[in-house]
Amino acid sequence: MSELDRASGIRLTVRGALAFVLASTLVGGVLQALTGVAALTGATFVAGCVAAASLVNRRDLLSLVVSPPLLFFVTTAFVEAIRSLFASTPVQAFGLGMYTALSQGAPWLFGGSFLVLVIAWRRGLTRCVRELREELRASKASVPRPRSGDGGDGDGDGRAFAPEPEGYFEPRVYGTPREGQ
């Protein structure tokens, strides 16, 4: 950790950052439902995204970048589910409410997601992606290959031996059956 990171104050884990975005968006959704101001959910979502991307630990940037759309959807679904409980036709009210809320919130969703991406990029997202690629390359499991040499498994038919995992196709029976069974 560099001196700048230590001196910069508060740092959040990815869970804390996601909880912050979720809570701020939920508060905006509830305030929008109570006051009728259409921009409250979107504005609080964008503010939560910017704060979370600015405060999250650098190693958690990759996880944070992919999460805002899911958080926006979950929050919208929760607020609309609560709102539709008091309607005469709850299912219809929920469907129409989700359609309307997601349509109105799309610019805010795209804006918040874009700002998270830009802030994360400037904070070192490319390094996180590079490290993930290196980890994936290093952890590749070796795939068993057929034996080479004579081109076969030694029985003269020319086919290579490739072992099956035990019990994969049929159970193996060990030993011989006893007399009388």
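A residue is buried under 20% relative accessible area, exposed over 50% and partly exposed in between, using a 1.4 Å probe and the protein chains only. The model is predicted, so to speak of local features pLDDT must be at least 70, side-chain atom pairs count only at pLDDT 80 or more, and totals for chains, interfaces and linings use all residues. Numbering starts from 1 along each chain as its sequence is written, and side-chain values use heavy atoms, with hydrogens and water left out.

**Exercise 1. Work out whether Leu-70 and Leu-71 are buried or exposed.**

(Helices are DSSP runs of H or I with at least four residues, strands are E runs of at least two, and both are numbered from the N terminus.)

Step two: apply the cut-offs. Leu-70 has a relative accessible area of 56%, so it is exposed. Leu-71 comes out at 12%, so it counts as buried.

Step three: look at the surroundings. Contact means heavy atoms within 4.5 Å. Skipping residues up to four places away in sequence, Leu-71 touches Leu-18, Val-21 and Leu-22. For Leu-71 and Leu-109, 38 residues apart along the chain, the C-alpha separation is 9.8 Å.

**Exercise 2. Find the aromatic pair and name its geometry.**

Step one: recall the rule. Rings of Phe, Tyr and Trp (its six-membered ring) pair if their centres lie within 6.5 Å; planes under 30 degrees apart are stacked, over 60 edge-to-face, and the rest tilted.

Step two: count. The rule gives one aromatic pair. The ring centres of Phe-45 and Phe-72 are 5.0 Å apart and the planes are at 70°, so this pair is edge-to-face.

Step three: locate the partners. Phe-45 belongs to helix α3 and Phe-72 to helix α5, 27 residues apart, and the pair links distant parts of the chain. Both Phe-45 and Phe-72 are buried.

**Exercise 3. Describe the ends of two helices through Ser-84 and Arg-123.**

Step one: Ser-84 is found in helix α5, which spans 68-84. At 5% relative accessibility, Ser-84 counts as buried. Leaving aside neighbours within four places in sequence, Ser-84 is in contact with Pro-90, Ala-93 and Phe-94.

Step two: Arg-123 is found in helix α6, which spans 90-123. Its 12% relative accessibility makes Arg-123 buried too. With neighbours within four places again set aside, the contacts of Arg-123 include Arg-11, Ala-53, Leu-55 and Leu-61.

**Exercise 4. Which residues are closest to the centre of the largest pocket, and which helices line it?**

Step one: the volume is about 230 Å³. Of the 17 lining residues, Gln-32, Thr-41, Glu-80, Ala-101 and Gln-104 are the closest to the centre. (On a 1 Å grid over the protein atoms alone, a pocket is an open set of points where a 1.4 Å probe fits, with protein on both sides within 12 Å along at least five of seven lines; lining residues have an atom within 4 Å of a point.)

Step two: helices α2, α3, α5 and α6 each supply at least two lining residues.

**Exercise 5. How many helices and strands does the protein have?**

The solution is seven helices and zero strands. Of the 181 residues, 26% count as buried.

Terms used. Grid points are joined across faces, edges and corners, and a volume is the space filled by probe spheres set on the points.
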